[in-house]
Amino acid sequence: MSAPGPAAPGPFDGAIRREEPGAGSGAPSGQPEPARETTPAAPAPQADERHRFAWAMVGLLVAASLVCVGLIIARTWYSHTYHYWFLLWNLVLAWVPFVFAAIAYRLASARRAVLYVLIVAAAIVWLAFFPNAPYILTDFLHLGSMGDIVPGWYDVLMLYWFAWTGLMLGIVSLYLMHELVTRGLGGAAGWVFVVVAASLGSFGIYLGRFLRWNSWDLVRRPGPLADELLGRVTDPASQPRLLGFTLLFALLFLFIYVAVYIFAKLAKPRARRGEA
């Protein structure tokens, strides 16, 4: 009788096998073959790529903010005035919702129940300061009102830089919060949250631009702020501008946000498939 030939190659041939204590290189005939193990699969590069994109976005926003600061300094040197320096304070306030959205997003990734209170607190602060990010778009109202020797094209470009930076800070912060709500409550709830946040943010911009209220007045002067809101809402004469501005600005912000969201999903890093 001829000896049996080699066994057909199995699906794990070529993988690292665990050597049993005292076992030889091959199993005796008629006995089960030792258990085999595959090498641990290499981690998917998706998380690393997402981190690189996230840090790239932070670097881009920091660089844009530094350009804004440089433009203000150059304007001051040229005109010997401090006009438009309020834009720097508006830019600082635009960073606040971004920072707290990043904090909430980071805490949520830990998946610990004890951190939920901190996440909710960070989300509340984010919502209170969220209007400050796109608020810089309304600073175009100051264009041409300073009356100094700076060329008009320079002020236009400078305001565009500030407006773009503030707008992107608001969009990225909303994107982070959108992701948190979607993870916890689902996609439909996430988009409802986006619409509500954009509407409240536009209303907050109206309060800041036309009624001169600030985000910290929610804590410092809640009573007078509530009286002001009640009076504006019940006054028919003020409703056209309030509703018109809130609706149009919310639509503008939502269209920009959806465009950025679609692009972000199209460019979302995908886990690489194994290659031969």
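## Core and salt bridges in a predicted model

Student: Which residues have the most contacts inside the largest nonpolar core?
Tutor: A nonpolar core is a set of buried Ala, Val, Leu, Ile, Met, Phe, Trp, Tyr and Cys residues joined through side-chain atoms within 4.5 Å, and contact means heavy atoms within 4.5 Å. Buried means under 20% relative accessible area, exposed over 50%, and partly exposed in between (1.4 Å probe, protein chains only). The largest such core has 42 residues, and those with the most contacts inside it are M158, F162 and L174.

Student: Which helix supplies the largest share of this core?
Tutor: Helices are DSSP runs (H or I, at least four residues; strands are E, at least two) numbered from the N terminus. At least two residues of the core come from each of helix 1 (46–79), helix 2 (86–110), helix 3 (116–129), helix 4, helix 5 (187–210) and helix 8 (239–266). The largest share, 14 residues, is supplied by helix 4.

Student: What pLDDT do local features need in this predicted model?
Tutor: Residues are numbered from 1 along each chain as its sequence is written, and side-chain values use heavy atoms, with hydrogens and water left out. In this predicted model, totals for chains, interfaces and linings use all residues, side-chain atom pairs count only at pLDDT 80 or more, and local features need pLDDT of at least 70.

Student: Is D155 buried or exposed?
Tutor: D155 is located in helix 4. Beyond its neighbours within four places in sequence, D155 is in contact with R75, Y84, L143 and V150. Its relative accessible area is 6%, so D155 is buried.

Student: Which residue forms a salt bridge with R75, the closest N and O atoms being 2.7 Å apart?
Tutor: A salt bridge requires a side-chain nitrogen of Lys or Arg within 4 Å of a carboxyl oxygen of Asp or Glu. R75 has a relative accessibility of 1% and therefore counts as buried. The residue paired with R75 at 2.7 Å is D155.

Student: How many residues apart in sequence are the parts that R75 and D155 tie together?
Tutor: R75 belongs to helix 1 and D155 to helix 4. The pair therefore ties together parts whose separation in sequence, in residues, is 80.

Student: Which residues are linked with R75 in a network of salt bridges?
Tutor: The side chains of R75 and D148 meet in a salt bridge of 3.0 Å, N to O. This pair links distant parts of the chain, since D148 lies in the loop between helix 3 and helix 4, 73 residues from R75 in helix 1. With a relative accessibility of 22%, D148 counts as partly exposed. The residues linked with R75 in the network are D148 and D155.

Student: Which residue forms a salt bridge with R209?
Tutor: R209 is buried, with a relative accessible area of 10%. Its closest N and O atoms in the bridge are 2.7 Å apart, and the partner is D139.

Student: How many salt bridges does a search of the whole structure find?
Tutor: Among them are the pair R75 and D148 and the pair R209 and D139. For the whole structure, the search finds a total of four.
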